[in-house]
Amino acid sequence: MRGVLVGVLLGIAAACVPISGVVAQTLNFSWPSNVGPLHPHGYAPNQMFAQGMVYESLVKYQADGTVAPWLATSWAASEDGRTYTFKLRDGVTFSNGEPFNAAAVVANLERVIANRKSHDWLELIHQLQTVTALDDLTVELQLKDAYYPLLQELALVRPVRFLAPSQFPAPGTTEPGISAPIGTGPWKHVETRLGEYDVFERNDTYWGDKPAYQKVVVKVIADSNTRAVALETGDIDLIYGDEGPITPDTFARLKAQGYQAEISPPLGTQVLALNTNKAPTNELAVRQAINHAVDKDTLIAAIYHGTQTRADTLFAPTAPYSNVGLKPYGYDPALAANALDKAGWTRAPGAAFRSKDGQPLQVELAYVGTDAVMKSMAEVLQADLAKVGIEVRLLGEEANSFYARQTDGNFGMIFGNTWGAPYDPHAFVSSMRVPSHADYQAQLGLADKAEIDARIGQALTSTDEAQRQELYRSVLTTLHDEAVYLPLTFSTAILVARDNVGNLTFGATQFDYPFAALKPKD
Amino acid sequence: MAGFILRRLLLLIPILLGVSILMFVIIRMAPGDPAVAYLKLSNIPPTPGAVAEARQTLGLDQPILAQYVSWISSAVRGDFGVSYVTRRPVLDDILYYLPATLQLAGLALLFTLVVSVPLGIWSARYKDRWPDHLVRGFAFLGVSTPNFWLGFLLVLLFSLTLKWLPPMGKGGWQHMILPVLAVSFMSLAINARLLRASMLETASARHVLYARLRGLSDRQVERSHILRNALLPIVTATGMHVGELLGGTLVIESVFGWPGIGRYAVSAIYSRDFPVIQCFTLFLVTIFVICNLVVDIVYAWLDPRIRLNAEAAI
């Protein structure tokens, strides 16, 4: 009997050989799933970060909101804004040696157009009518209407990037798959082991700056705690991403332990939509009071450990057309209480919350119950609003029910996010016109909702830069003055790296992963 | 005996049918739309058009009865449909991930038995003395420790602090130690406690007293007269442990990044991947039924009274 126990203990001890270190030239990363078959125009299970490693776009979105030449070196728009001509970069080849040319662009975009229904969500695909090769290196895109965000949307990871035409299934077959993920990008996808890892190798024939790492190994790690542990033990070298690859307190802990830990500039905005179509948030005074009552700085320090920054407007002023001089509401509980008093929401002696005509000042806040960070946020908001006499009822549900509420408008306040670059502001405001969005639902109570929608439509089709800016100013100012949103934080990507990773940098959008720029160091 | 086994196996058919109907309805009654979940995974805003398109692609636009009939008629031919998320045949995925899970659960079961039986004997032998208190304390800890939490504690100690064992992934046998410990701790504790109780109960039986009166040594009495009789409940418990351990791997595989069906099923539940949930549930039901059957057979083999009764009844 004792022998068995001793044997077990010996077995454990024998197993405890030291874990080998990290191989230089290989960057170890992690992701919750495998990267998928990497169809350039496909959605889940194709992972965007990986599609972005293998495939490239005609133009590149930059951190300042402008668009730079990439596989296209220059472009010109016709007077009516409906025809764009792109000059392609000369000498670019796919990683299998095939030339990248106008025929390749046409072959890809024609498939996207033929498959329009799957890309229904993206306005660019609605607008795209024909793609024509004018010569070997010139392509013309014909649009239905003038649509200025064409360039921003051409920078997207999908569905407008390019596979080597030889890898598409033969014409006439119904097979939706591709032979192999061959792109022009800095990386080649060389191996998949389901449930374990994916391997990318440097594309040595890449036309641009070649990556410093020879390999990127992406290990499948679903749990965020496990991911943090893997970084600490050296199983991975880098944690990067915008959708909570690790929790904020883990980020703070790793930073305190001396790991390289940084946050990106604003990528998108986390907001609460306040329902103008449902009492009591249908009253402007209540919505404004909510905006004054929340102490965002304390909230960010307590919950985000500094991984996000304070947002006072729906879009960061750095987003295109969004620097329109809106005046922040500012944290001022006394002002909030005053406004509520004036609106008739008063606190009976001894009562914790306000009421008017026997109706309690009570708002439901919907959040995803399994999301620990969102839950803490909801609790802090509840406490802040209680201080000015607003009772918040927390409605924590699983994610799918939460999304159902966003769609059908059955909420008082609900968490939401803008879509981030390169979609902000154009695609986000465009979706405000669609009933299945929380934003549409939340704005339904506004007297001039129809007018707002009309101006959004004009801004998207206008070819006059100054007029477009004016339309955006009007829409964003109305939404701000009507206090339809409680902007909370600007979301960021986080990056935590071991000492052996250098030249740390962030992608310009949440979908760009900067593996090609990272450099190994001793 | 063969007739008994055959009848029990035939019973599996109505059980699976019943379960499949119940489950088919229940997962569709649960809140959440797989089409919306799929769009979220794809970073596509769930516009009505996009949702309708996704529902059609996933076959969710059909009435539920039609969906069931189409699914079950393929399922009996071994085609469990295509995962909404991985877009691969569900059965292929499950068979791909199964060996890793069986490896983990099998080792855990072995570990449970190898450790819990000696612990139970030891504890019963030294009733109310320190080994007994130790084992009972250990058993108490075992049943009250959630396995994922234990998993993280083990990682903290053996991977982060001592740097002895890898924290995650599949590789050499070193990678298996922590997950096996974490997943088997509870079953092991239950088993040890159960064997102790069962042995003490048997020890006070009359035949044991007679054996002692005959002058047999303590060891002989323990081995031939107490342990053999006390093992019956352990057999039942082991049948249940198989289910427990497979269920435990659901969580533990996520914690240790283990590429098995547990982690696959958990992510399927998160993303409302109906075909995967359906196939996985049927799979678990089959395992449970078969385990119960094996337990009954082993019982009959161990205990002539049951065997003879059963044969008399036929």
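Reply: The model is predicted, so local features need pLDDT of at least 70 and side-chain atom pairs pLDDT 80 or more, while totals for chains, interfaces and linings use all residues. Residues are numbered from 1 along each chain as its sequence is written, and chains are lettered from A and ligands numbered from 1 in the order in which they are written.

Reply: Consider helix α10 (residues 218-255) of chain B and helix α12 (residues 274-302) of chain B, whose axes come within 10 Å and cross at roughly 165°. Axes are lines fitted to C-alpha atoms, for helices over the stretch in contact, with angles from 0 to 180 degrees between N-to-C directions. Helices are DSSP runs of H or I, at least four residues, numbered from the N terminus.

Me: Why is α10(B) called roughly antiparallel to α12(B)?

Reply: Angles over 145 degrees count as roughly antiparallel. The crossing angle is roughly 165°, and therefore α10(B) is roughly antiparallel to α12(B).

Me: What makes the contact of α10(B) with α12(B), by class?

Reply: Contact requires C-beta atoms, placed from the backbone, within 7 Å. Among the residues involved are Leu231(B) and Val235(B) of α10(B), and Ile287(B) and Phe288(B) of α12(B). Ala, Val, Leu, Ile, Met, Phe, Trp, Tyr, Cys and Pro count as nonpolar, Asp, Glu, Lys and Arg as charged, and the others, Gly among them, as polar. By these classes, the contact has 14 nonpolar, four polar and no charged residues.

Me: Which residues does chain A bring to its contact with chain B, by class?

Reply: In chain A, 41 residues are in contact with 51 residues of chain B. The side of chain A that touches chain B has 23 nonpolar, 10 polar and eight charged residues.

Key. Two residues are in contact if their C-beta atoms, placed from the backbone, lie within 7 Å. Helices (H or I, at least four residues) and strands (E, at least two) are DSSP runs, numbered from the N terminus. Angles under 35 degrees count as roughly parallel, over 145 as roughly antiparallel, 65 to 115 as roughly perpendicular and the rest as oblique.
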